[in-house]
Structures are given as structure tokens and as C-alpha cells.
Amino acid sequence: MIDFNSVEGKVAVVTGASRGIGEAIAKCYAENGMKVVCAARSEEKGNAVVKDIKDKGGDAIFIQTDCSSPEQIEKLINQAVRHYGRLDGVVSNAGIGMGGTPVHEYETEDYENIFDLNSKGVFAGMKYGAEAILKTKSKGGFLINVASIAGLLPQRGQALYTATKFGVVGMTRAAALDYAEHGITVNAICPGYTMTSMFEGIPEQAMQFFVKDCPCGRLGNPEECAWLALFLASDMARYITGAAIPVDGAVSAGHMNVITWKHPEILE
Ligand SMILES: NC(=O)c1ccc[n+]([C@@H]2O[C@H](COP(=O)([O-])OP(=O)(O)OC[C@H]3O[C@@H](n4cnc5c(N)ncnc54)[C@H](O)[C@@H]3O)[C@@H](O)[C@H]2O)c1
């Protein structure tokens with residue numbers, strides 16, 4: 001049955017909720033009656049998102065969290081359960097980009113920096129999230145990890161980012177097998193080029209490259225990832241688990257090639 005109301009009252013933690021895709025997911029969840037625990041480092045920005053949600057009649061709290069620390073993720077999940085009395089889902093979205101350089105130009109410390117957040121943070125979100133979802137006996141539990149098209153198709157200049165995102169897709173699919181019989185779905189959202197702070201201030205020439213590289217001819221909006229996150233949280237998606245779903249305007253579908261339409265007049 002088509003029923004988005006099935007998300008109503010579900011409690012979800014969203015990491016990296018202070019801006020970009022995480023903010024869009026938190027707001028979309030709240031607009032649809034979910035209770036949202038917003039996690040990020042910036043108290044000011046996190047509280048602003050929560051205020052916005054509450055002003056529109058939604059229910060949310062902010063918990064300051066450095067998501068590269070498994071201890072802080074554990075605390076975050078515990079506080080979420082203490083506040084709302086249950087947990088239904090965790091969206092591990094916080095992540096950093098790092099790239100545009102060939103492998104030899106990375107610093108060795110870059111490895112820890114990006115893996116701590118993009119990989120260890122996601123692992124901790126699933127570990128403590130699954131435990132709390134099981135303990136609080138959610139009827140429609142879900143774990144969603146925000147990976148990337150870089151988790152499906154390696155990106156030039158992005159060796160470390162690509163490695164973390166391939167890891168996220170792998171962990172997601174393996175964890176789906178762990179929890180399939182226990183009623184928790186585990187999926188990855190793989191955004192393509194999405195208009196967030198990751199694209200702020202980039203040179204015009206680079207922007208033109210990204211627009212041209214996308215078969216749809218435009219960048220995505222954070223809300224387009226949020227709508228998928230809402231569907232995956234709903235009871236309509238209970239049979240979707242272990243999937244890594246691109247939201248990318250076909251960037252990861254394959255290579256573009258030269259094509260000639262026999263009847264271009266169909267577009268007139
Ligand atoms: N924007 C894109 O084009 C794109 C493409 C593919 C994948 N992604 C992925 O989407 C996710 C969200 O990215 P975005 O584009 O919204 O970026 P963004 O920079 O706008 O948002 C990232 C969020 O993560 C938070 N964050 C960063 N480090 C943190 C930490 N240590 N602890 C807690 N929170 C932290 C930031 O405060 C922010 O809220 C990331 O995992 C990113 O890799 C984005």
C-alpha cells in the first residue's frame with residue numbers, strides 16, 4: 001500500500017544535519033512527522049536547523065557530535081534513545097570530500113583524516129544504531145548511509161575519497177545481510193554532483209565540467225537525496241535492503257558517447 005504516513009512518529013538520527021544533504025534529510029523527515037535527532041559539530045548551525053524545524057511544527061533536537069569519534073556517536077545514540085524513548089533509524093551522512101590531486105600529492109595524514117569520518121564514523125553509526133534499534137524493538141528499523149557515486153565508480157584525483165565510499169557501500173551491503181531477518185533495512189544513497197557547500201566557490205571552469213559531465217545537464221539538489229531517504233525510511237521500502245542507489249542524473253550509469261537521432265523532430 002502506498003503510505004508515506006508510515007514514517008510518522010519514527011525516531012531518526014541524522015548526522016551532518018547542519019547543512020547540505022543532511023539538513024535536507026532532517027527537514028524532510030520532520031515535515032513528514034518524524035522525530036529527528038540532528039547531529040553535527042557546529043552548535044550554532046545545528047540549533048538553527050532545529051529551530052527552523054520547530055518553527056514549522058516539527059519535532060527535533062540537536063546534539064553536538066564529532067562524527068569521526070565512535071565514542072561520540074555512541075553517546076549521540078544513547079542520548080537520542082534517552083530523549084525519545086526509542087530509535088528507528090540512523091542516517092550516517094556526515095562526510096568530507098578530499099580530492100583533486102594525484103595519489104603522490106596526498107599527505108599520509110590525509111588517510112586517517114578522511115577514513116575517521118567517512119568510514120569509521122559510518123561504521124559506528126551502524127554499530128550503535130543497530131544495537132539501539134534492536135533493543136528498543138523498532139517495527140520498521142532502517143540504516144541509511146550516504147555514500148557517493150565515488151562508491152560505485154572510482155573518480156580521478158579522489159583515491160582516498162573513493163576508497164572510503166567503496167568501503168561504505170561494502171559495509172552497507174554486508175550489514176544488510178546481518179539484519180535482513182531482524183527487520184532492519186540497510187541501504188546506501190549515492191549522490192552525484194549535488195549543490196551543497198562541497199561545490200561552493202569552485203572555479204567557473206570546474207563547475208562547467210561537472211554540469212557537462214552529468215547526462216542530465218545539471219547538478220542535483222540536496223532535496224532529491226532527501227526524498228529517497230524518506231522513501232527508504234517508510235514501510236513501503238521494507239523489501240529494499242542491501243542496495244546502493246544512485247541519485248546522480250545518470251552520471252554513474254555509463255559513459256556518454258556520440259549519438260544521432262533519426263527523428264529529432266519528435267522534440268519540436
Ligand atoms: N555534494 C555532493 O556532490 C556529494 C556527492 C556525493 C556524496 N556526497 C556525500 O554526501 C554527504 C553530505 O555531504 P554534503 O554535500 O551535504 O556536504 P556538506 O559539507 O554541505 O555537509 C556535510 C555535513 O557533515 C558535517 N560534518 C563534517 N565533518 C563532521 C564531523 N567530523 N562530525 C560531524 N559532522 C561533520 C558538516 O558540518 C555538514 O553538516 C557526505 O557524506 C558526502 O561525501 C556529497
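**Ground rules.** I number residues from 1 along each chain as its sequence is written. Since I have a predicted model, local features need pLDDT of at least 70 and side-chain atom pairs count only at pLDDT 80 or more, while totals for chains, interfaces and linings use all residues; side-chain values use heavy atoms, with hydrogens and water left out.

**Entry: the ligand shell.** I looked up who surrounds the ligand and found 27 residues, where near means a heavy atom within 4 Å. The closest are Ser18, Cys67, Asn93, Tyr161 and Thr196. By type, I get 12 nonpolar, 11 polar and 4 charged residues in this shell; Ala, Val, Leu, Ile, Met, Phe, Trp, Tyr, Cys and Pro count as nonpolar, Asp, Glu, Lys and Arg as charged, and the others, Gly among them, as polar.

**Entry: oxygen atoms of the ligand.** Next I checked distances to polar atoms. A polar side-chain atom of Tyr161 is 2.6 Å from a ligand oxygen. For Arg19, a side-chain N or O atom sits 2.9 Å from an oxygen of the ligand. Gly16 uses a polar backbone atom, 3.0 Å from a ligand oxygen. The ligand alone exposes 820 Å², and the protein buries 95% of that (Shrake-Rupley method, 1.4 Å probe).

**Entry: Thr185.** I then turned to strand β6 (residues 184–191), which holds Thr185; strands are DSSP runs of E, at least two residues. Is Thr185 buried or exposed? Thr185 counts as buried because its relative accessibility is 3%, and the cut-off for buried is under 20%. Among the residues it touches (heavy atoms within 4.5 Å), leaving out those up to four places away in sequence, I noted Phe142, Leu232 and Ile240.

Conventions
A polar contact is a pair of N or O atoms within 3.5 Å; within protein, one must be able to donate a hydrogen and the other to accept it, and residues adjacent in sequence count only if both atoms are side-chain atoms. Helices (H or I, at least four residues) and strands (E, at least two) are DSSP runs, numbered from the N terminus. Buried means under 20% relative accessible area, exposed over 50%, partly exposed in between (1.4 Å probe, protein chains only).
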